[in-house]
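Please read it beside the model.

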6 protein chains.
Amino acid sequence: MADTGFQPVSGFDLPRFAGIASFMRLPMIDLDDPRLPRVDIGLIGLPWNAGTTNRPGPRHGPRQVRDMSTMIRAQHGVSGVRPFETVNCADLGDVPPNPADLSDTMDRITQMLTQLRRAGVLPVCVGGDHLCTLPVLRALAADAPLGLIHFDSHTDLFHSYFGGSMYTHGTPFRRAVEEGLLDPARMIQIGIRGTAYDSEDREFAAAQGIRIVTIEELFDRGLKDVMAEARLIAGTGSTYVSYDIDFIDPAYAPGTGTPEVGGPNAFQALQVVRELVGVNIAGADLVEVSPPFDNSGGTAFLAASILFEMLCVIAPALAASRGVD
Amino acid sequence: MADTGFQPVSGFDLPRFAGIASFMRLPMIDLDDPRLPRVDIGLIGLPWNAGTTNRPGPRHGPRQVRDMSTMIRAQHGVSGVRPFETVNCADLGDVPPNPADLSDTMDRITQMLTQLRRAGVLPVCVGGDHLCTLPVLRALAADAPLGLIHFDSHTDLFHSYFGGSMYTHGTPFRRAVEEGLLDPARMIQIGIRGTAYDSEDREFAAAQGIRIVTIEELFDRGLKDVMAEARLIAGTGSTYVSYDIDFIDPAYAPGTGTPEVGGPNAFQALQVVRELVGVNIAGADLVEVSPPFDNSGGTAFLAASILFEMLCVIAPALAASRGVD
Amino acid sequence: MADTGFQPVSGFDLPRFAGIASFMRLPMIDLDDPRLPRVDIGLIGLPWNAGTTNRPGPRHGPRQVRDMSTMIRAQHGVSGVRPFETVNCADLGDVPPNPADLSDTMDRITQMLTQLRRAGVLPVCVGGDHLCTLPVLRALAADAPLGLIHFDSHTDLFHSYFGGSMYTHGTPFRRAVEEGLLDPARMIQIGIRGTAYDSEDREFAAAQGIRIVTIEELFDRGLKDVMAEARLIAGTGSTYVSYDIDFIDPAYAPGTGTPEVGGPNAFQALQVVRELVGVNIAGADLVEVSPPFDNSGGTAFLAASILFEMLCVIAPALAASRGVD
Amino acid sequence: MADTGFQPVSGFDLPRFAGIASFMRLPMIDLDDPRLPRVDIGLIGLPWNAGTTNRPGPRHGPRQVRDMSTMIRAQHGVSGVRPFETVNCADLGDVPPNPADLSDTMDRITQMLTQLRRAGVLPVCVGGDHLCTLPVLRALAADAPLGLIHFDSHTDLFHSYFGGSMYTHGTPFRRAVEEGLLDPARMIQIGIRGTAYDSEDREFAAAQGIRIVTIEELFDRGLKDVMAEARLIAGTGSTYVSYDIDFIDPAYAPGTGTPEVGGPNAFQALQVVRELVGVNIAGADLVEVSPPFDNSGGTAFLAASILFEMLCVIAPALAASRGVD
Amino acid sequence: MADTGFQPVSGFDLPRFAGIASFMRLPMIDLDDPRLPRVDIGLIGLPWNAGTTNRPGPRHGPRQVRDMSTMIRAQHGVSGVRPFETVNCADLGDVPPNPADLSDTMDRITQMLTQLRRAGVLPVCVGGDHLCTLPVLRALAADAPLGLIHFDSHTDLFHSYFGGSMYTHGTPFRRAVEEGLLDPARMIQIGIRGTAYDSEDREFAAAQGIRIVTIEELFDRGLKDVMAEARLIAGTGSTYVSYDIDFIDPAYAPGTGTPEVGGPNAFQALQVVRELVGVNIAGADLVEVSPPFDNSGGTAFLAASILFEMLCVIAPALAASRGVD
Amino acid sequence: MADTGFQPVSGFDLPRFAGIASFMRLPMIDLDDPRLPRVDIGLIGLPWNAGTTNRPGPRHGPRQVRDMSTMIRAQHGVSGVRPFETVNCADLGDVPPNPADLSDTMDRITQMLTQLRRAGVLPVCVGGDHLCTLPVLRALAADAPLGLIHFDSHTDLFHSYFGGSMYTHGTPFRRAVEEGLLDPARMIQIGIRGTAYDSEDREFAAAQGIRIVTIEELFDRGLKDVMAEARLIAGTGSTYVSYDIDFIDPAYAPGTGTPEVGGPNAFQALQVVRELVGVNIAGADLVEVSPPFDNSGGTAFLAASILFEMLCVIAPALAASRGVD
């Protein structure tokens, strides 16, 4: 049972358009706050897009997701889960990026995430571009490699870009495998589609035993069947969930830098998250929301809805594992 | 057979971008017009949003729907129905709201709708927010409670908001049941989804015997199956059809104040209306189109397309029942 | 000299696109915070638009202004004033409105502002529509009527709307004069233009001795000359400054509900504020920013720039009067 | 004194966001209406853009101007003129264009305008692109050439386009002079700027004695001085006023197809109209509003404001000349 | 095997946001270029919309499609086809239209396409409105009628518009059949939906034996089944593929002038193209992208993705037929 | 007299909406083109924004400026200058940036600009963010320091950002002075305004003798007077002109990342360029156009208009100095 001090502001007390926008209207707790040790799940912004190879903007993602997340209420419409009453959730603010120094910023992210891990906080990160995931994994997989369930239209498994640049949003999972942060045998990438320069990423995946599910396979087999396989691949070990908003069709999520047409719709986008029940989730992220390409906020609202679905899966599992409630 | 004086202006005579915009390019007839008694179906605007709890705007809905409805032509593409030749349809203008007085405006709506009912006009209303439905029901159910087929992402069955406010767009059907305007046993709500503050609405529905079909059930069973049940629930008695545009996924209908992701697509949005054939429809509405959140007009065009589908169901039934044609 | 704990977050420490958005990136302090008594100037959001007669939206104003105000830095480009180092400034959050109850919300605003007045906090309010100003004045003028310097395209001096509604955004200053909150002889309204239904407001102004400066007079005489007169009219007594964003031409500030073309440009919009030096300001507001009509944020950024100009006038005067520094 | 039957709907009776949108909320009167002979000034839509050489869209202009003109009230803010009480004004609908036949459409325009001229209606036309002006002039100058006061960034005096096409929005005034519809000695073009292919238009103007005032001259001398010259040039004879919205800087009027940067602001855009007092105006138009390039409606609202200024000049003069009131 | 000189610029050498935008970043080759005879597939812009009956804009289509097509890479995600390495592809520029002369422009299109046909270039055209297809067919079917696989929400089989205009975007296929350019027995139209004025088009189709597949049939039977029928109807003879972007639901492709709600999603929009394998394609087009109605570029990016799918079908077939590689 | 091969495509031959978009519709000439030595003025894109500290996007600038520059014609409206007939102008394409490597990209820019300098091409660069100017200056000032006339709302003279980063768009002129590329005594910065973190930049300027003209001084003295001073400061030596689009008020140029309200209007934005006649210009740039913040293209069109004004100043001077024509 969560503490009363960790409840979101209700729209009946303060209408949803009012008030300073934190993630899900949760209390804002910084790293020096004495309440930090009581936080079970921390929502963290990673406002950084140094890895973006084409259309920039995800550095503005966390703030817009915070804004639109004020439309999220307390209870899941289907399952009735009330995550904020289940475990203590909080908005832990943003990792301060250094826009002019890529490796410094990666270190800052790793450092804050390491501190949270030590404090027993399960992180749910909001990007930022997909390169953000690498320093997060460096913190979470410091002891042992993690499994990965990855929703995306791209594999992000490329070797390098622009004549040798090793750190872009097209390479994080290649690096993570090379660094031993992820166990290839426990990795699955779902929703892959769109054009490519070559097959170098897929060859790497094949060589490493990483499972790739293209959008065609996803639609042919159905989401439930593929997600059953995903749970099997992830197994019982600690697993990271990484969700790139461009997994979803750009009609639903136009606010992103590298869209690929022909993806899942919003219902399916939520459904795959619901199917994560049973996975041993060590952390999660939602990345690549780029406000300049959707200043209506629709993409950010969809992102907030997905984050809520994540919390509805993670919170009960965490409560159970910690003997909370 | 409709009168020739009640035909919409053809795009071949006056291109669709030209001319003053009335609903479907129909003749504009006010309540003092001698032609009023000959009107069978009246399209009425309810430009009012005093019940909106979050993002305002539906007061601008009727005008934008009028504008975009000029792209609608005379004949249904599948069924070949030509509603404007079947019965006399007209644009009866807007109920003049009082933006500063909630109960005064509700009275004005009830009053105009009562007058139309007495004149034998079947009303198809264009909101406005969903609170508009309550005063319409007060007029139409003055003699006996109606059945309800309700498409929405929300139940709008809550007791009150903001510390006791009984009249918001989240409460109209609660009030209507309490006032005896609707027969709970003949009510079905379809498409319900999204987060909630609590289950108070669903408990009320369960206690009253109101049937709620969540989006999950709708997609699992299929629209035709659910609509067959809807027809069964509505039975042969007079039934009101209330269509909240946020029933539809916000990728298709972004112009609304309280979207919930993961809804039906536009094809399905039309399909559920087609499945209303056989229902004894006493009136209908289409609400919650909020132009400030979609000034492209796409949402309003979808609304106009749904309204046309409604007319293609209602007009033949009305003609049959009145022995017209 | 301000406390170090009241400094805005620097863009060099946390880039301006990062972090939770408070006004000017100032510390967020609620009414229970022990730091409250040390606050000199409080920025307060009034997310409420129950008085809006045409296009709604200002309830969303405070949050968008917070967001865009993160682009404001620490020091004025011309005068070199550093307001946040001069006195203690803070974001005091929003007054929680009741969207369904007009008089309840006015009471809430008056109550919070009264509490702040007693705590010695000078309020700078961010609307909300212009009706918000009335309950603020009720708090600030509880003891004696205030002078008013009012920038607007409308006088907001009308008697009533829609058949007798006394409280809309077109009536606050009429009410305030009637209630004895403002001293007509110390009132000036600047920038008045646009069409009107009648001259009832101007006749009231003439009868009361309220000075109205039309846009034509403003441009003919020049801003400095008019502002010199404004200072003379306000005199040495306590004066309220009310700034409606529709004072400015809609090319610069499209995000508002009742624009009138032909207003001042952005440079002039700042200049009139600079000319307030010497006025004994008891409180100020900036109202009518309506995000749904400018989701680019340009209007809100202009509003934030005006608010900073206000702070650069108010902070040094306050420091002097309080013997701070 | 105007008839009571010709008054616009008041925003106090029917809020401005409500009701079917006619120009200025005036009564809609078609050519068969028995009230036609009582109309003094007719607002007429010309939804046609067959002459557009680059970015299309003005065919949608009249409807958007109608929509935004509902924000115009009854009385001028400066002069106090109440045009709708001075003479009978009405919305006469649109000339039905034939989008596929240029000369047929020009004939239709000329025909309707001829009919109105015979009925004693002074026309104020809303385009459409600038080619619309030619067929209007053919109707109004059937007996004798008119003078012209022309606000624009282009001269529209070119000989032909695209290898010999004589009828585009770049040629109407060349044709009108050639056809003897305009008296070159009584023509003035104001605001000319931007790049050109060559000087062919200016050479024609010079040869004919047409006065061209570039934007540089306009700003150097001031609007009042230039307008005094314009009145002198127009003299006492019948004069047509043609106002291309691209006269105004595109920051104020982005919704147009051929913008030229560096034009007047909105205040100046109104001011030049006010300076037409004393001119013997036989008709007027406002053209080139292109909604697809400004679906916020800001350009159309500025156009509506200019149209109201025109009415405030034309109505009193007309009343005087007709001995009305 | 394609020539190295015909490869698109790689995003690794020149990032996708950089460089002058040609279709797919292919070399730009004009008709006088000595490389022309080596071109196998030519991408050609037809920036012309003289046939548009309602909302204009497709004249701007080719440039926006070029811009967004820079996001397309070299290899198909599913099939692995690398069209640019298979045959020589190039951007051949635009046919210069004459916006003021309909038949002159049609002649110019026919003339350029005839020249390309003689040079052995297979054309893939980018409109422009659907009337563009007629002059293309005049060139390609000069010797013998073609088959047609046509994706659209409209049949474009009407006789005439606006009182006799024979050449609009609603008539090209009627004209093409009448002129003997298409073999009705080898024609199929897929996705037809929306309202109509009458059934005149369908009666013509029925009389001629043209197969029409409504959207209902398409969804009921499934895309693969319908496309199998399409291949059967097209047979082994030369067939033209015409793809109107309004085939797709407007949530995915809002940038078009005559949308009809309830169409296929983006995945399905690509899928139907993939199912063209085996058809003897003589040429293809993608029309009705109207940038003013989607300046986000999303519609154009979907169009570019469809064009790439077309190339992935056409290039291997062409290589096989020509014995290339 | 320019070569006929260097003329822009005329809108009479190919309408302005048609054709592949190069700068001003000029011929595209790459560095290997044999025509390169005949180029007098080269327009070069610098699609790079690695120095952007807040809202990203200028990497997309060159392409959007190319697109909108197709609306520019051949001849200046006031002066009658026809720059493309005066000297040979061409679009030389973009410097290929490396988005992942800041110093590599700076080297690439310096290298290409050095090559052009040796080929006798005067460069007019289109950014990209303001850091782009530094590597350009490294090429142009390789032999001797240049003078600088700099239009901007920021000085860009800061020492470093984010804890020591020396290369951002806030530091290029500091670096350029330190590297001896600019002669401080011959530098003037015009239009400076907005908030600042501190005065460190101004202190550097004061110490170095760099002249700063704030917006207040600019408006007080008038543009002509300030520009006379600018010409005096620049003297007869080689001078670089750097134009940041945020010099202009954001109502006119919203498409930029770090706007400051209260700047010059579009007319003034052109006027300052016209006043450069007499300056010995060695190169120029126009930077910080950020398409994601203005996808209407209005900002880019203003940028294109400014570039044309630059050409009208540079081309005649160059022709005179080279004895051309």
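1. How many salt bridges does the rule find across the interface of chain D and chain C? The rule finds two, a salt bridge being a side-chain nitrogen of Lys or Arg within 4 Å of a carboxyl oxygen of Asp or Glu. Arg274(D) pairs with Glu216(C) in a salt bridge, with 2.6 Å between the closest N and O atoms.

2. Some ground rules. This is a predicted model, where local features need pLDDT of at least 70, side-chain atom pairs count only at pLDDT 80 or more, and totals for chains, interfaces and linings use all residues. Residues are numbered from 1 along each chain as its sequence is written, chains are lettered from A and ligands numbered from 1 in the order in which they are written, and side-chain values use heavy atoms, without hydrogens and water.

3. Extent of the D–C interface. Contact (heavy atoms within 4.5 Å) links 26 residues of chain D with 26 residues of chain C. The buried area is about 2,300 Å², and carbon and sulfur atoms give 59% of it; this is accessible area (1.4 Å probe) lost on putting the two parts together, summed over both. In chain D, Phe12(D), Arg73(D) and Phe267(D) lose the most area to chain C, together 33% of what that side buries.

4. Symmetry. Chain B superposes on chain A by a rotation of 120° with 0.0 Å of shift along the axis (RMSD 0.0 Å), fitted by least squares on C-alpha atoms of residues with pLDDT of at least 70 in both. That is the relation of a three-fold axis.

5. Pairs that do not touch. No contact joins chain A and chain D; their closest C-alpha atoms lie 14 Å apart.
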